[in-house]
Amino acid sequence: MSTPASPVSHAAASVRRATLFGLVAVLCWSSTVGLIRSVSEALGALGGAAMLYSVSAALLFAVQGVPRVAQLRSVSKVYLVGCGLLFVLYEICLSVAIGLAQDRAQSMELGMINYLWPSLTIVLAVLCRQQGARWWLWPGVALCIWGLVWVLSGDGAGSNLPWWQELLAHMRSNPLAYALAFAAAALWPVYSVLSRIHGGGFNGVGLFVLLTAVVLWVQWLAVDTVPLRWSWGVGLEVLAIGASTAIGYSCWEHGIQRGNLAVMAAGSYFAPVLSALWASLWLSVQPGWPFWQGVLLVTVGSLVCWGATRVR
C-alpha cells in the first residue's frame, strides 16, 4: 500500500518543474543574438526589434490569454510598473545594441557583454539577502569580467597596443552600442530579483513584451528612416525569434518566481558558449581564439559564482 506524498514532496516537485521551465528559457535565448542581428540587417535596428516583439506579444497572449482587470488590480504596483519598466528598458537596450553593431563580429561581442547578467544576478541576490554565498563569489565575478575584457580586446593581430588600449579602441568605435549592451547586462539582474520579490506568482511578461513593442514602434515612426525590406527568409526569421522570445521569457518568469534561482542561474552560465556557437554558425562568422578564450572565462567564472551559492 503506497503512502500519499507529503506536502513537502509536492512543494519540492513544483520547484523542480519551475526550475526546469527556467532552464528551457536559456536554450531559447541562446539563439537570440544571431537571429536579432540577421533580422536587423533587413528591417533596421528599431524596425526589426519592434517587429519581433510584436510577434512575441501576439504569441504570448494567444497561449496565456489576456490578463483580466481584476488580476491586474491584485498585483503589486512595484511589479507592474517597476519591473515592467526595467523589462522594456532591457529589451530595447539589448536588441538596439545588436542592431547598431558595425558588423556581425561586433554583434557577437555585444551579445557577450549581455552575458554578464548571470553572475550579476547572483551578486544582486546576495546583496538583497535573497541568496547566501561564500567568499569565492568575488573571484568568480572577477573571472567573468576578465573574460569579457579578453573578448573586447580583439585578436590584436598586427597591433602592438596593450590590451587596455585595444579594449578602449573597440568601445570607441561604436560607443552607443557598447553603452546599451552594458546597460542591458545591468538591468536584467535588477528585473529578475525584483520580479521574484514582488511578482506574487503573476506572469506579466505578455504585457511587458507588448509595451516593449509599442515603445519601439513609436521610436521607429519618430526617428527611423530605414525601410523594412521583407522577404520570405526574413519573415521566417521573425517568426522563429518571436516564438523563441515568447517561450523563453514566459518560462523564465515562471522559473524565477517559483523555481530555484541558483540552479537556473547555473544553467544560464552555459548560455555564452551556446549563444556564441549558434551566432557563429548562423552569421557565418569565425571569431579568433581570444574571443573563445573570453567566452570560456565568462562561463567558468559564472560557474564559480554558482558554486559559491550552493548549500553545504
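A crossing is left-handed if the near helix is turned anticlockwise from the far one by less than a right angle, and right-handed if clockwise. Keep that in mind for the helix pairs on this tour.

This is a predicted model, in which local features need pLDDT of at least 70 and side-chain atom pairs count only at pLDDT 80 or more, while totals for chains, interfaces and linings use all residues. Residues are numbered from 1 along each chain as its sequence is written, and side-chain values use heavy atoms, with hydrogens and water left out.

**Stop 1: helix 10 and helix 12**

Select residues 175–198, helix 10. Helices here are DSSP runs (H or I, at least four residues), numbered from the N terminus. The two helices pack at an angle of about 55°, with their axes 8 Å apart. Axes are lines fitted to C-alpha atoms, for helices over the stretch in contact, and angles run from 0 to 180 degrees between N-to-C directions. That angle makes helix 10 oblique to helix 12. Angles under 35 degrees count as roughly parallel, over 145 as roughly antiparallel, 65 to 115 as roughly perpendicular and the rest as oblique. Helix 10 passes helix 12 in a right-handed crossing.

Now show side chains. Helix 10 brings Trp188, Tyr191, Ser192, Ser195 and Arg196. Helix 12 answers with Tyr249, Trp252, Glu253, Gly255, Ile256 and Gln257. Contact means heavy atoms within 4.5 Å. By class, this contact has 5 nonpolar, 4 polar and 2 charged residues. Ala, Val, Leu, Ile, Met, Phe, Trp, Tyr, Cys and Pro count as nonpolar, Asp, Glu, Lys and Arg as charged, and the others, Gly among them, as polar.

**Stop 2: threonine 245**

Stay on helix 12 and pick threonine 245. Is threonine 245 buried or exposed? At 5% relative accessibility, threonine 245 counts as buried. Buried means under 20% relative accessible area, exposed over 50%, partly exposed in between (1.4 Å probe, protein chains only). Leaving aside neighbours within four places in sequence, threonine 245 is in contact with Leu52, Tyr53 and Ser56.

**Stop 3: helix 5 and helix 12**

Next, select residues 77–99, helix 5. Look for Tyr79, Phe87, Tyr90 and Glu91 in helix 5, which meet Tyr249, Glu253 and Gln257 in helix 12. The contact has 4 nonpolar, 1 polar and 2 charged residues.

**Stop 4: helix 5 and helix 10**

Helix 5 and helix 10 pack at an angle of about 155°, with axes 8 Å apart. That makes helix 5 roughly antiparallel to helix 10. The crossing is left-handed. On the helix 5 side, contact residues include Cys83, Leu86, Phe87 and Leu94. On the helix 10 side, they include Ala184, Leu187, Trp188 and Tyr191. The contact residues divide into 21 nonpolar, 2 polar and 1 charged.

**Stop 5: leucine 94**

Zoom in on leucine 94, in helix 5. Leucine 94 counts as buried, at 5% relative accessibility. Not counting residues up to four places away in sequence, leucine 94 touches Asn114 and Ala184. Select arginine 37 too: its C-alpha lies 11 Å from that of leucine 94, with the two 57 residues apart along the chain.

**Stop 6: helix 8**

Finish with residues 137–152, helix 8. Its 16 residues reach 23 Å from first C-alpha to last, close to the 22 Å expected at 1.5 Å a residue. That expected span is 1.5 Å times one less than the number of residues. Colour the buried residues, among them Leu137, Gly140, Cys144 and Leu152.
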